[in-house]
Amino acid sequence: MSLLLKSVLDTTYDKKRLIVVFAYEERGGVDIDTTAKILKKKYGKYFHSFHIVKHPKDLPNEVVGKGGNITYAGKWLEQYLQQEEIAFSDVIVTTMDCDNKPHKYYFDYVTYEYITHEDRKHLSFQPICLFTNNIWDVPAPMRVVATGNSFWNIISSMRPYSLRNFASHSQPMNALVEMNFWSTRTIVEDGHQYWRSYFYFDGNYEVVPIFVPIYQDAVLSNGYKKTLKAQFIQLRRWSYGASDVAYVGNNVFNKNRTVKFWPSLARFIRLLDGHVTQACIALIVALGGWASACAEW
């Protein structure tokens, strides 16, 4: 978290216009409590304000995951802004993990895009996530995976028609308040937020690419075997996004839908194709390459 805050301080945006909310878990115990207080004491003076918000464990209707944490913090921020008489429409919320390092122009870029778009409430802003913070510290297989994921995010940023929220992103506070923030019932809250926003606003929702990175860590644990296991767990967690297939299908093929059918069907097909391809890609690469070589031989 300290590295994240240092990187935020290195940005060119006016830090006195940044409100930092450090959202952490009660289940983290005494250590994370102590860390949060140390960070507030060390860095609080540099920002408009710095707040620590502890997410209670075992709240009803929540799965263990990021969605419940940031939603709890978002509701706290809603009350704070009301007390300070700060308009929700004047606030853009950026969610970042502790290993994230935003580009020095990130907040300037997001602010510019927010100001220049008229229908800004129905937008979110997606930077390019690059897994390069510790790229030379991780084993070679993790470097391959991290590089591939980074390239995929670069490619996705050039395809606005298929771009969806991923990891760190920004969304206007007034939209979040109206939608009741993020889902607390899904593991992959970032990608699901795209679909929640799309259907909540009756299809009037877009993701604007931000062509600067937020740097993240490649997977690394204690030892080679544990790192391989951690990489598998990360990819498995991303695969939980397949739960969106049923959610989107129910909203697209429902006779009471509020979105246009054909554009929504195209989005559904891309979603389904992406998850089927993800599940089969290892076999496609292994058997496809072998079959191609045999055919040429």
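Modeller: Helix α5 (residues 140–157) and helix α8 (residues 224–239) have axes that come within 10 Å and cross at roughly 25 degrees. This is a predicted model, in which local features need pLDDT of at least 70 and side-chain atom pairs count only at pLDDT 80 or more, while totals for chains, interfaces and linings use all residues. Residues are numbered from 1 along each chain as its sequence is written, and side-chain values use heavy atoms, with hydrogens and water left out.

Colleague: What are the axes, and what counts as a helix here?

Modeller: Axes are lines fitted to C-alpha atoms, for helices over the stretch in contact, and the angles between N-to-C directions run from 0 to 180 degrees. Helices (H or I, at least four residues) and strands (E, at least two) are DSSP runs, numbered from the N terminus.

Colleague: How are α5 and α8 oriented to each other, roughly parallel or roughly antiparallel?

Modeller: The two helices α5 and α8 are roughly parallel to each other, a word used for angles under 35 degrees, with over 145 being roughly antiparallel, 65 to 115 roughly perpendicular and the rest oblique. Their crossing is left-handed, meaning that the near helix is turned anticlockwise from the far one by less than a right angle, whereas clockwise would be right-handed.

Colleague: Which residues of α5 and α8 meet?

Modeller: On the α5 side they are P141, M142, V145 and N149, and they meet Y224, T227, L228, Q231 and W238 of α8, where contact means heavy atoms within 4.5 Å. By class, this contact of α5 with α8 has 6 nonpolar, 3 polar and no charged residues. Ala, Val, Leu, Ile, Met, Phe, Trp, Tyr, Cys and Pro count as nonpolar, Asp, Glu, Lys and Arg as charged, and the others, Gly among them, as polar.

Colleague: And at what angle do α7 and α9 pack?

Modeller: The angle between α7 and helix α9 (residues 243–252) is about 10 degrees, and their axes are 11 Å apart, which makes α7 roughly parallel to α9. In that contact, G191, H192, W195, R196 and F199 of α7 meet D244, Y247, V248, N251 and V252 of α9. The residues divide into 5 nonpolar, 3 polar and 2 charged.

Colleague: What about K66, what does it pair with?

Modeller: K66 forms a salt bridge with E189, and their closest N and O atoms are 3.9 Å apart. Since K66 is in helix α3 (residues 66–84) and E189 in helix α7 (residues 189–200), the pair ties together parts that are 123 residues apart in sequence. Salt bridges with shared partners also join K66, D97 and E189 into one network. As for accessibility, K66 is partly exposed at 23%, while E189 is buried at 5%.

Colleague: Last topic, the loops. Where is F181, and is its phi positive or negative?

Modeller: F181 sits in the loop between α6 (173–179) and α7, and its phi is positive, about 65 degrees, although F181 is not a glycine. At 1% relative accessibility, F181 counts as buried. A167, in the loop between α5 and β6, also is not a glycine and has a positive phi, of about 55 degrees.

Notes:
Salt bridge = Lys/Arg side-chain N within 4 Å of Asp/Glu carboxyl O. Buried < 20%, exposed > 50% of the residue type's maximum accessible area, 1.4 Å probe, protein only.
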